[in-house]
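Dear colleague,

I am handing over the structure below for your work.

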Amino acid sequence: MNESKPGGSQNSTCVFCRKNDDCPIKYGEKKTNEKWNLTVHYYCLLMSSGIWQRGKEEEGVYGFLIEDIRKEVTRASKLKCSVCKKTGASIGCVAPRCKRSYHFPCGLQRECIFQFTGNFASFCWKHRPVQIITSNNCRDSLLCTICLEFIEPIPTYSVLRSPCCKNAWFHRDCLQVQAINAGVFFFRCTLCNNSDIFQKEMLRMGIHIPEKDASWELEENAYQELLQHYEHCDVRRCRCKEGRDYNVPDSKWEIKRCQCCGSSGTHLACSSLQSWEQNWECCECRSILYSAVASNSVQPYGLQAPARLLCPWDSPGQECWSRLPCPPPGSNVRLLRLPALAGEFQKAKKHALPNTNVGINDCLLEESSPKLPRQSPGDQCKDLLRQGSKFRRDISTLIIELGFQVKKRPKKVFINKANFWNSALDGFRNQNFNPSYTIEIVYVNENDHFGREQPGSKQEFLSLLMQQLENSSLFEGSLSKNLSLNSQALKENLYYEAGKMVAISLVHGGPSPGFFSQTLFNCLAYGPENTQPIVDDVSDFDVAQIMIRINAAATVDDLNSLIHDYYKYLEFIGCLRLITSISDKYMLAKDVLVYHVIKRVQAPFESFKQGLKTLGVLEKIQTYPEAFFHIFCHKPENLSAKILSDLFTVHTLSDVQTLGFWNSYLQAVEDGKSTVTMEDILIFATGCKSIPPAGFKPNPSIECLHMDFPVGNKCDNCLALPITSTYKEFQESMDFAIKNTLRLEKEENSHFI
């Protein structure tokens, strides 16, 4: 065990194969336990014949206990490798009566097979499994379907054939690299996409398929460009003087996308569309629909005349840009649109038409998979959402839909309460952190020499994070806040992290911000160019005084005098203008306002907006701004006795008298007969002072126990009530425990909130 390369330390050498190599694809990840001065390759540890994983994943090394590893090293030290003739051969062939043992790298060298499944069996070069090919009609060289290099179609150790496609051949090394990158969810045959049969055969032949997401799925914001809407006018003659990319919502220059493909667009004015709700198809899609209707002789439902597509802009005085053949004047032609083709025109009625009352679970409003790019049906949903109130969505439903992206794969975030903000930043910036994984909060104390970890409530952590964000220097204002201009925060990319925190809090069941100004929210939802700030958005006293004096100017001379007084400031912000009348003061005040509230913080805004795109939150806000406005710009409603009584459920058989005391206590708190508030009770039980938009998970519950004081389990949202003989004892016990517990927590957290 003491053998190592010159100049290398013992703890960098694998205790099984005695190699310093760090090659994850060949030997697995190299792991070092500094406490025990022990280093192993994952595959060397996994394939050793005399060791089992007896611990949890976080214990020892990958769940293998340190004492077990030491015993296995001792056992292997008595065995000689059949390849290099050195001791330490921990892997043995599973074939009956075969006594060959070897190191993992030596086994690879002699083309042994290691099966990373079941009992993790290994086979020596004499007994390894082979692929049986009954006939080989293709004797010429074929391409490896991964690297596209020529190989001889003969099954050997280094050449494998797909079990589902006869002409699919691969290099073993190519397959292994692809399996490492794709993971168990995306590793499949490159020709037919079969995964079950293909993976089973590859595991038999010694290909390691890790149980993880694909490497391209772990890249943060890897598919953000696919979530961008198409905004370009593609008609033959664009009438917009600002160009084909000019897009102004709620005007004639708003770009409407093709409802069929979503990859072509037009200004409303360029195609004579009267409103945004009017359907529009591009030339290619209309030609396809026209051909389909003409060839199939589709008949309108309830009409006898043959149906053809008619150009809706073929009216006197207007140019017809369509390349479709138009019918002669006076012909018996009906105008068809895509919804009609989809719903009213059928060759044969196989299914009943859908109801007009569309629910949130209907396919019409179904969200696409987070693994797939967003496509044009999403745009069709937006069209329908604008048409009537029956398609409006509830905010809790929207956030629950966003929560479907979260995988049930826990990821620990270590939080030091003495340095809450920095430890939260470090956790979110960690390269292994994935916002789509389930967050597990672990509180640590740097003064604890034993390194003990304390599980924490995720909702409590997110609630503290939103409070910290509200009071940070990233925002300015008293109640309704706007983004501030902080050069140091911009340099450290904190605005991006702030947007990311807000998105993660919403999707993972935490509280909403509730402190945004309407101007900031409108900039996010509709764009800064479509937002008009108000004087209340100005938190700088000096700037507010300048605007007040400008608006109070009574004559042109007074206005020019003000411009002279603030000449350098107005020149710096680019708001100097020639004054010809007293009415120019309104435009001058507006320019100053827009600069200070919007243009001045353009860089922080763009960074914050990029962070808010995490998990698709910004796109959801821009799709349903009315639903998100309330939770972003207003604090949650005040809690009442009825709200708390309905919130907590009783899952087990409890003491009836204690439950009566509980309801009476809630009513007394609401009536002001207690020093405890409704928010205090909720914080004591869940760690949150308000109900998150998506609700609690798990739902808050109550149980009654024989004890002196109540206990709040914030990780499980469970409140244990004391069983007492009188209501007075119950109230005194509740008041004392809640009041003192929250006081101690506030004292502990006062230095970082």
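Leu 143 is partly exposed, with a relative accessible area of 37%. Please note that the model is a predicted one. Leu 143 belongs to strand β7, which covers residues 142–143. Together with Leu 148 and Phe 150, Leu 143 forms a nonpolar patch on the surface, and the accessible area of the three together is about 340 Å².

Beyond its neighbours up to four places away in sequence, Phe 628 touches Ile 395, Leu 398, Ile 399, Phe 521, Lys 620 and Ile 621.

The structure holds 12 salt bridges, and three of them are described here.

- Lys 620, already named as a contact of Phe 628, meets Glu 401 in a salt bridge with an N to O distance of 3.3 Å. Lys 620 lies in helix α21 (residues 617–623) and Glu 401 in helix α10 (residues 395–403), so the pair ties together parts that are 219 residues apart in sequence. Lys 620 is buried, at 6% relative accessible area, and Glu 401 counts as buried at 13%.
- Arg 54 and Asp 68 are joined through their side chains at 2.7 Å, N to O. Arg 54 is in the loop between α2 (42–47) and α3 (66–76), while Asp 68 is in helix α3, 14 residues apart. Arg 54 is exposed, with a relative accessible area of 56%, whereas Asp 68 is buried, with 10%.
- Arg 128 forms a salt bridge with Glu 111, and their closest N and O atoms are 3.3 Å apart. Because Arg 128 lies in the loop between β6 (122–123) and β7 and Glu 111 in the loop between α4 (104–109) and β5 (113–114), the pair ties together parts that are 17 residues apart in sequence. Arg 128 is partly exposed at 24%, and Glu 111 is partly exposed at 33%.

Finally, Asp 655 is found in the loop between β18 (649–650) and α24 (656–670). Asp 655 is partly exposed, with a relative accessible area of 27%. Leaving aside neighbours within four places in sequence, Asp 655 is in contact with Cys 704 and Ile 723. Asp 655 and Pro 722 are 67 residues apart in sequence, and their C-alpha atoms are 9.8 Å apart in space.

With kind regards

Methods: Residues numbered from 1 in each chain as written. Predicted model: local features only at pLDDT ≥ 70, side-chain atom pairs only at ≥ 80, totals over all residues. Heavy atoms only, no water. Contact = heavy atoms within 4.5 Å. Patch = residues over 30% accessible without salt bridge, like charges linked within 9 Å, V, L, I, M, F, W, Y side chains within 5 Å. Areas by Shrake-Rupley, 256 points an atom, 1.4 Å probe, with all protein chains shown as cover. Salt bridge = Lys/Arg side-chain N within 4 Å of Asp/Glu carboxyl O. Helix = DSSP H or I, 4+ residues; strand = E, 2+ residues; numbered from the N terminus. Buried < 20%, exposed > 50% of the residue type's maximum accessible area, 1.4 Å probe, protein only.
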